[in-house]
Amino acid sequence: MSTLPQSCKAKTPLNVLIIGAGCAGPALALLLQRVNPKHTITVIERFPSLRTGGQQLDLKAQGVPIARGMGILGDLKAACVHETGMKLVDKNGKSLIQFGINDSSTPKQGLALTNEYEIMRGDMVKVFYDGSIMERERIERGGETEGGLTYKFNTTVTRLDQSDSRAEVTFSDGQKKHYDLVVAADGQNSRTRRMAFGDETNAKCFRSLGVHAAYFEIPRIESDHSDARIFFAPCSRMVMTRTGNRSTTQVYLFIMKDKERHERMKGVHKQSLEKQKEAWTEIFQDAGWECKRFMEGMKTTEDFYAHEIGQVHMPQLHSGRVVLLGDAGYCPSPFTGMGTTLSLIGSYILTGEIAKHGDDVDAALQAYHEGMQAPLQKYQRIAGGAETSFYPSSEFGIKITNNVLWILSSLKVDKLIMWVGGLLPESKDELALPIYPEPSLGNETRD
Ligand SMILES: Cc1cc2nc3c(=O)[nH]c(=O)nc-3n(C[C@H](O)[C@H](O)[C@H](O)COP(=O)(O)OP(=O)(O)OC[C@H]3O[C@@H](n4cnc5c(N)ncnc54)[C@H](O)[C@@H]3O)c2cc1C
């Protein structure tokens, strides 16, 4: 961890509650302490310990220099999965196209879908969490006695009331406390968002992409090599595996647009884990390639996670003293690969604005809302256009698509291939983030 100098423009230290210890919550806790070690920060998590499930996440674009400024890029790099690239395979596992690795520092490259920073979600969450704790230890070693950082697990909020300049929170253990700021970092289905913005706004903010996904790990076998593999199966099904240098293989199942299955799966996500696995098995058992093996592995996997893929679009990112961060405020969907990067951008801008506006927290929250609009416009855009991207459904359609892709690949018409697959990566155009005067935000190390 770097020991960057501190700056305390926020004159009055804040009493901050962060709800959710995923990626966004601990990242914000680290940054807030940097600009004012006197802040009192409490992070609560619904689960009894850090929730380390989930598969590979990307760190891209401005997420990389922000992580460098936070002093955790080295730790993230050490946790990277070493994937060699990505292949499109047919139902016999034969490779049709090979994609390379996307170096986050090089603006324009050829056909590349694997990213330079691909990290298992559990490792990523742990780096942010450890980083925030180490920051506090560093502050206390320096002699600071005010402020603090506390993580409370197995804890949720049952009631949220707001007055002019503070929020009154009732916790699941019955305790009541007041905070200057409550940060909802509780993910795509944020309950805090519903409490603060009301049922109607909450219901409207989730835009389903009509796609459902399940992620889990199975034992690796010899033929699971270090390239990720994608398989288009008939009836709007897609399967992906990722192994890299790890001893297990991650399996991703996608049910692409299919009205009937979409309606069914919406209900399935609310059922027991066992019932969910049954439904996914029924749909993928006959999909071809190695799906029978994947379904066998799913039976005993312990980190099964399935959800409806969609985006969160909020008209405002704050309501009184409650502010939305990460997926709770602007989940971009895994199709963009920008969930973690946007959480870091959000943490950086929120911290920067709080520091910049000193004691005027309301002005800081409005500036955060405004500052996030450009990144959201850019990074919530789905590559290839989720509504229009072409996805082959019939067996015949897949055969034709695979043949066309093979020919295009041989001709190295990369952009066209990406368009056909709906797989164009995000554009590499630079987006200028605000530069805050606080040296402790690591501006001097941002590219
Ligand atoms: C278990 C899990 C697996 C995931 N797997 C993938 C994946 O494979 N691929 C992918 O692209 N994205 C995945 N994601 C989403 C990804 O982590 C986010 O898009 C991104 O990292 C932004 O993080 P976040 O902190 O905003 O949200 P999240 O990572 O979703 O974290 C939210 C945190 O808040 C906690 N929480 C939720 N409700 C409450 C509550 N009421 N009170 C207190 N705490 C609460 C959750 O337990 C979680 O720890 C997963 C998320 C989770 C929770």
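In helix α7, Arg261, Arg264, Met265 and Val268 meet Gln276, Ala279, Trp280, Glu282 and Ile283 of helix α8, where contact means heavy atoms within 4.5 Å. By class, this contact has 5 nonpolar, 1 polar and 3 charged residues. Here Ala, Val, Leu, Ile, Met, Phe, Trp, Tyr, Cys and Pro count as nonpolar, Asp, Glu, Lys and Arg as charged, and the others, Gly among them, as polar.

A word on the model: it is predicted, local features need pLDDT of at least 70, side-chain atom pairs count only at pLDDT 80 or more, and totals for chains, interfaces and linings use all residues. Residues are numbered from 1 along each chain as its sequence is written, and side-chain values use heavy atoms, with hydrogens and water left out. Helices (H or I, at least four residues) and strands (E, at least two) are DSSP runs, numbered from the N terminus.

The two helix pairs are set out below. Axes are lines fitted to C-alpha atoms, for helices over the stretch in contact, and angles run from 0 to 180 degrees between N-to-C directions.

| Helix pair | Axes | Angle |
|---|---|---|
| α7 (residues 259-268) and α8 (residues 273-284) | 10 Å apart | about 155° |
| α2 (residues 63-70) and α11 (residues 339-356) | come within 9 Å | roughly 55° |

The α7 and α8 axes pack at an angle of about 155°, which makes α7 roughly antiparallel to α8. The α2 and α11 axes cross at roughly 55°, and that makes α2 oblique to α11. Angles under 35 degrees count as roughly parallel, over 145 as roughly antiparallel, 65 to 115 as roughly perpendicular and the rest as oblique.

From α2, Gly63, Ile66, Ala67 and Met70 make the contact, and from α11 Thr341, Leu344, Ile345 and Tyr348. These residues divide into 6 nonpolar, 2 polar and no charged.

Now to the sheets. Strands of a sheet pair through backbone hydrogen bonds, either parallel or antiparallel; two strands count as paired if DSSP finds at least two bridges between them.

An open sheet of 6 strands runs in the order β8-β2-β1-β12-β19-β18, with mixed pairing. At its edges stand β8 (148-152) and β18 (318-319), each with a single partner strand, so one side of each is left without a neighbour in the sheet. Within this sheet, β1 (residues 15-19) and β2 (residues 40-44) pair in the parallel sense over 5 bridges, and asparagine 15 stands opposite threonine 40 in β2.

Another open sheet has 3 strands in the order β9-β10-β11, paired in the antiparallel sense. Its edge strands, β9 (157-163) and β11 (176-179), each pair on one side only. Neighbouring strands of this sheet are turned by 20° against each other on average, direction ignored. Strand β10 (residues 166-171) is joined to β11 over 4 antiparallel bridges, with threonine 170 opposite lysine 176 in β11.
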